[in-house]
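Visitor: I am new to this structure. Please show it to me, and then I will ask about it.

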Amino acid sequence: MSGMREEGRAIDGQATESMAGRLLVAAPTLKDPNFDRTVVLLVAHEPGGALGVVLNRATEIPVAEVLGDWGELARDPAVVFEGGPVQPDSAICLARMRHPLRPMKSFQQISGAVGTLDLTVDPAQLRESIAGIRVFAGYSGWDSGQLEQEIAGGSWFVLDALPGDAFVDRPDDLWPMVLRRQGGMMAAVAHFPADVALN
């Protein structure tokens with residue numbers, strides 16, 4: 001997608017802000033199997049739609065098996081993640097930079113030290129600059145206005161991301177962890193049973 005949209009730009013006559021860099025946390029009522037109890041980092045959010053990657057769906061495929069030397073830069077677990085149902089044969093790489101203020105052609109900032117990284121460059125050239133990477137097969141995408149409708153319908157909580165969210169050692173714990181740190185009623189949602197019939 002092209003550059004990030006300006007804050008305050010109107011969609012259907014309503015001023016909106018880009019949500020790029022924020023988390024979409026699936027509400028317990030969202031039962032689409034692609035997104036059940038997922039945490040999605042929005043990589044881009046523009047008038048034409050939104051794109052993100054699921055942060056908590058690890059596969060068992062080592063990054064090194066698919067991308068060779070990039071595996072040395074992958075954070076534990078150093079496996080490929082399922083980024084979403086769109087184009088599962090494509091790869092998106094998130095990186096956390098050691099020095100986010102230094103401009104790099106191969107790095108496109110999302111928020112702070114976190115951004116996307118071009119996998120066609122030589123990983124050896126980036127070793128000193130990168131604190132860690134995570135590779136996603138496929139992505140999650142929404143057409144213009146679709147994500148906003150899903151949020152209004154209660155499918156997603158839109159929450160602030162911490163720099164380490166995309167690189168946690170235990171991605172299976174990310175959904176309850178993000179909800180718990182919100183406090184109050186939102187923290188209670190983290191204990192919502194996966195099967196309401198068990199409640």
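This is a predicted model: local features need pLDDT of at least 70, side-chain atom pairs count only at pLDDT 80 or more; totals for chains, interfaces and linings use all residues.

Guide: Residues are numbered from 1 along each chain as its sequence is written, and side-chain values use heavy atoms, with hydrogens and water left out.

Visitor: What volume does the largest cavity have?
Guide: A cavity is a set of points on a 1 Å grid over the protein atoms alone where a 1.4 Å probe fits but cannot get out. Its volume is the space filled by probe spheres set on the points, which are joined across faces, edges and corners. The whole structure has one cavity of 30 Å³ or more. The largest has a volume of about 30 Å³.

Visitor: Which elements give two or more residues to the lining of the largest cavity?
Guide: Lining residues have an atom within 4 Å of a point. There are 10 of them here, and H45, E46, G49, G145 and E148 lie nearest the centre. Helices (H or I, at least four residues) and strands (E, at least two) are DSSP runs, numbered from the N terminus. Those giving two or more residues are β4 (39-46), β5 (49-54) and α2 (146-152).

Visitor: How many aromatic pairs does the structure hold?
Guide: Rings of Phe, Tyr and Trp (its six-membered ring) pair if their centres lie within 6.5 Å. Planes under 30 degrees apart count as stacked, over 60 as edge-to-face and the rest as tilted. The structure's total is four.

Visitor: Why is the pair of F35 and W156 edge-to-face?
Guide: The ring centres are 5.5 Å apart. The pair counts as edge-to-face because its planes stand at 75°.

Visitor: How far apart in sequence are the parts that F35 and W156 tie together?
Guide: F35 lies in the loop between β3 (23-26) and β4. W156 lies in strand β12 (residues 156-159). The parts tied together are therefore apart in sequence by 121 residues.

Visitor: Is W142 buried or exposed?
Guide: W142 also pairs edge-to-face with W156, at 6.1 Å centre to centre and 85° between the planes. Buried means under 20% relative accessible area, exposed over 50%, partly exposed in between (1.4 Å probe, protein chains only). W142 has 5%, so it counts as buried.

Visitor: How far apart in space are F157 and V39, C-alpha to C-alpha?
Guide: F157 is found in strand β12. In sequence, F157 and V39 are 118 residues apart. In space, C-alpha to C-alpha, the distance is 9.6 Å.

Key: On a 1 Å grid over the protein atoms alone, a cavity is a set of points where a 1.4 Å probe fits but cannot get out, and a pocket is an open set with protein on both sides within 12 Å along at least five of seven lines; lining residues have an atom within 4 Å of a point.
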